[in-house]
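Please consider the structure shown below with attention to its charged side chains. The discussion concerns where they lie and how they pair.

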Amino acid sequence: MLGGRFAHLVGGTNKGLACRTLLDLYRKHWGELRVVAIGDSLNDLPMLEQADYPFLVEQRGGGYQSGIAFKKLIRVEGVGPVGWEKCIQRLGNT
């Protein structure tokens with residue numbers, strides 16, 4: 001599976017499962033959490049679906065990955081660090 005800058009080898013798992021596992025551990029220790037996820041490609045979709053604030057940034061070359069859409073998804077202009085910075089700024093306004 002290809003991500004923005006890395007090739008990913010996965011089998012029987014995905015970023016969403018990893019997030020869910022980690023969040024379960026965090027919640028046992030700290031209780032309820034607000035979860036932020038930032039991604040730009042289809043391999044990020046399961047992770048984005050786990051978040052309270054799922055941000056989709058643009059891909060290199062501009063535009064958003066097709067096939068990523070759900071009710072609470074927040075699209076942010078900007079690629080890579082520029083997009084990430086805009087996500088963080090937007091969080092400061094919530």
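The following paragraphs describe the salt bridges of this model and the surroundings of their partners.

The model is predicted. Side chains of opposite charge can pair when their charged atoms come close. Two salt bridges are counted here, with a cut-off of 4 Å between a side-chain nitrogen of Lys or Arg and a carboxyl oxygen of Asp or Glu.

One of these joins the side chains of aspartate 44 and lysine 15, with an N to O distance of 2.5 Å. This pair connects distant parts of the chain, its members being 29 residues apart: lysine 15 belongs to helix 1 (residues 15–30), while aspartate 44 lies in the loop that runs between strand 1 (36–39) and helix 2 (45–50). The two side chains also make a polar contact, again at 2.5 Å.

The burial of the two partners can be stated in turn. Aspartate 44 has a relative accessible area of 5% and is therefore classed as buried, since buried means under 20%. Lysine 15, at 28%, is partly exposed. When neighbours within four places in sequence are left aside, aspartate 44 is in contact with Lys15 and Gly39.

Arginine 27 is partly exposed, with a relative accessible area of 28%. Glutamate 32 reaches 67% relative accessibility and so counts as exposed, because the limit for that class is over 50%.

Definitions and conventions
Residues are numbered from 1 along each chain as its sequence is written. This is a predicted model: local features need pLDDT of at least 70, side-chain atom pairs count only at pLDDT 80 or more; totals for chains, interfaces and linings use all residues. Side-chain values use heavy atoms; hydrogens and water are left out. Helices (H or I, at least four residues) and strands (E, at least two) are DSSP runs, numbered from the N terminus. A polar contact is a pair of N or O atoms within 3.5 Å; within protein, one must be able to donate a hydrogen and the other to accept it, and residues adjacent in sequence count only if both atoms are side-chain atoms. Contact means heavy atoms within 4.5 Å. Buried means under 20% relative accessible area, exposed over 50%, partly exposed in between (1.4 Å probe, protein chains only).
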